[in-house]
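Please look over the structure shown below before reading the report that follows.

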Amino acid sequence: MTRVKRGYIARKRRTRIRLFASSFRGSHSRLTRTITQQKIRALVSAHRDRDKQKINFRRLWITRINAVIREKGVFYSYSKLIHDLYKRQLLLNRKILAQIAISNRNCFCMISNEIREKMDWKEYTEIN
């Protein structure tokens, strides 16, 4: 049986993997077997951390909104603000609310107080 030389295809595959791992340190960028292991590990970490990043940003936005609410002239909690936003069917997500809270606190306080006053008035008229 004749010998089969797979050099071109195998070399092409290995160089493609090496390009991915070129910035890794030590044998992680030099040895083919460890390069493939590190590539799998890097891609798994990237996938996991993309989800984690979304969670962390949501947590940051909630913290910023809550800090501004408790600090300045709005005398109720974050959860009540979000509940009132949903009741009024306002399309302001947490990211936009956090940006408004950081950049223009007076505008944010006006929005939250306006929501609160209208909700109090509506509940008052339903009772009477």
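Predicted model: local features only at pLDDT ≥ 70, side-chain atom pairs only at ≥ 80, totals over all residues.

## Surface and overall fold

Of the 128 residues in the protein chain, 20% are buried.

The protein chain contains five helices and zero strands, and its pattern, read along the sequence, is α-α-α-α-α. When contacts between residues at least 6 apart in sequence are considered, 48% of them join residues that are at least 24 apart.

## The nonpolar core

The largest nonpolar core is made up of 14 residues, and those with the most contacts inside it are Ile65, Ile69, Leu81, Leu85, Leu97 and Phe108. Two or more residues of this core are given by each of the elements α2 (32–71), α3 (78–88), α4 (94–103) and α5 (105–127).

Which residues does phenylalanine 108 contact, leaving aside its neighbours within four places in sequence? Phenylalanine 108 is in contact with Ile65, Val68, Ile69, Leu81, Leu97, Ile100 and Ala101, when those neighbours are set aside.

## Serine 29 in the loop

Serine 29 lies in the loop between α1 (7–20) and α2, and it counts as buried because its relative accessibility is 17%, which is under the 20% cut-off. The side chain of serine 29 reaches the backbone oxygen of glycine 26 at 3.2 Å. Not counting residues up to four places away in sequence, serine 29 also touches Arg18, Ala21, Ser22, Phe24 and Ile35.

## The salt bridge

Side chains of opposite charge can pair when their charged atoms come close. The structure holds one salt bridge, formed by arginine 48 with aspartate 49, in which the closest N and O atoms are 3.3 Å apart. Aspartate 49 counts as partly exposed, because its relative accessibility is 38%.

A disulfide is a covalent bond between the sulfur atoms of two cysteines. A search of the whole structure accordingly finds zero disulfides.

As for accessibility, cysteine 107 counts as partly exposed at 30%, while cysteine 109 counts as buried at 9%.

Definitions and conventions:
Residues numbered from 1 in each chain as written. Heavy atoms only, no water. Core = buried A, V, L, I, M, F, W, Y, C linked by side-chain atoms within 4.5 Å. Buried < 20%, exposed > 50% of the residue type's maximum accessible area, 1.4 Å probe, protein only. Helix = DSSP H or I, 4+ residues; strand = E, 2+ residues; numbered from the N terminus. Contact = heavy atoms within 4.5 Å. Polar contact = N/O pair within 3.5 Å; in protein donor to acceptor, adjacent residues only side chain to side chain. Salt bridge = Lys/Arg side-chain N within 4 Å of Asp/Glu carboxyl O. Disulfide = S-S within 2.5 Å.
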